[in-house]
Amino acid sequence: MDSPSYDALLIVSFGGPERPEDVIPFLENVLRGKPVPRERMLAVAEHYYELGGVSPINAQNRALIAAVERELAEHGPRLPI
């Protein structure tokens with residue numbers, strides 16, 4: 001049986017804000033068209049501000065990509081990520 005052939009590895013994430021000034025535009029985009037009161041959105045924004053305005057998922061995904069790149073470099077197959 002032949003091994004499957006792959007062209008690349010795609011890692012997809014919803015992402016999040018990278019700095020405090022991105023928080024409100026990010027949440028407005030995510031909530032667009034949804035009946036969420038502005039007060040609730042601002043309460044959620046406070047959670048991001050407590051983390052410095054940066055979503056932790058971004059760093060987690062960068063770490064995941066780096067770990068997968070190391071693993072593939074060492075054990076193959078060689079694929080762009």
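Reader: Are phenylalanine 26 and tyrosine 48 buried or exposed?
Author: The model is predicted, and local features need pLDDT of at least 70, side-chain atom pairs count only at pLDDT 80 or more, while totals for chains, interfaces and linings use all residues. Residues are numbered from 1 along each chain as its sequence is written, and side-chain values use heavy atoms, with hydrogens and water left out. By relative accessible area, a residue is buried under 20%, exposed over 50% and partly exposed in between (1.4 Å probe, protein chains only). By that rule, phenylalanine 26 and tyrosine 48 are both buried.

Reader: Which residues make up the largest nonpolar core?
Author: A nonpolar core is a set of buried Ala, Val, Leu, Ile, Met, Phe, Trp, Tyr and Cys residues joined through side-chain atoms within 4.5 Å. In soluble globular proteins, nonpolar side chains tend to be buried together. Here the largest such core has seven residues: Val23, Ile24, Phe26, Leu27, Met41, Ala45 and Tyr48.

Reader: Which elements give two or more residues to the largest nonpolar core, seven residues in all, and which of them gives the most?
Author: Helices (H or I, at least four residues) and strands (E, at least two) are DSSP runs, numbered from the N terminus. The largest core, with its seven residues, draws two or more of them from each of helix H1 (20–31) and helix H2 (38–50). With four residues, the element that gives the most is H1.

Reader: How far does H1 reach from its first C-alpha to its last?
Author: The expected span of a helix is 1.5 Å times one less than its number of residues. H1 has twelve residues, and 16 Å is expected at 1.5 Å a residue. The reach in the model is close to that, at 18 Å.

Reader: Within what arc do the buried residues of H1 fall?
Author: An α-helix has 3.6 residues a turn, so residues three or four places apart point the same way. In H1 the buried residues are Val23, Ile24, Phe26 and Leu27. They line one face of the helix, because the arc they fall within, seen down the axis of H1, is 165 degrees. That arc is taken over the directions from the helix axis to the C-beta atoms, and here it is 165 degrees.

Reader: Which helix do the buried residues of H1 pack against?
Author: Contact means heavy atoms within 4.5 Å. Leaving out residues up to four places away in sequence, isoleucine 24 touches Arg38, Met41, Leu42, Ala45 and Tyr49. On the same terms, alanine 45 touches Val23, Ile24 and Leu27, and alanine 45 is found in helix H2. The buried residues of H1 pack against H2.

Reader: What is the relative accessible area of alanine 45?
Author: Alanine 45 belongs to the largest nonpolar core. Alanine 45 counts as buried because its relative accessible area is 1%.

Reader: Which residues form the one aromatic cluster?
Author: Rings of Phe, Tyr and Trp (its six-membered ring) pair if their centres lie within 6.5 Å; planes under 30 degrees apart count as stacked, over 60 as edge-to-face and the rest as tilted. The structure holds two aromatic pairs, one of them being phenylalanine 14 with phenylalanine 26, edge-to-face at 6.1 Å centre to centre and 65 degrees between the planes. Phenylalanine 14 lies in the segment before H1 and phenylalanine 26 in helix H1, so this pair ties together parts that are twelve residues apart in sequence; phenylalanine 26 also forms an edge-to-face pair with tyrosine 48, at 6.0 Å and 80 degrees. The one aromatic cluster is Phe14, Phe26 and Tyr48.

Reader: How many residues apart in sequence are the parts tied together by arginine 62 and glutamate 18?
Author: A salt bridge is a side-chain nitrogen of Lys or Arg within 4 Å of a carboxyl oxygen of Asp or Glu. Arginine 62 forms one with glutamate 18, the closest N and O atoms being 2.5 Å apart. Arginine 62 lies in helix H3 (residues 56–75) and glutamate 18 in the segment before H1, so the parts tied together are apart in sequence by 44 residues.

Reader: Which residue meets arginine 38 in a salt bridge?
Author: Arginine 38 is partly exposed, because its relative accessible area is 44%. Its partner in the salt bridge, at 3.2 Å from N to O, is glutamate 28.
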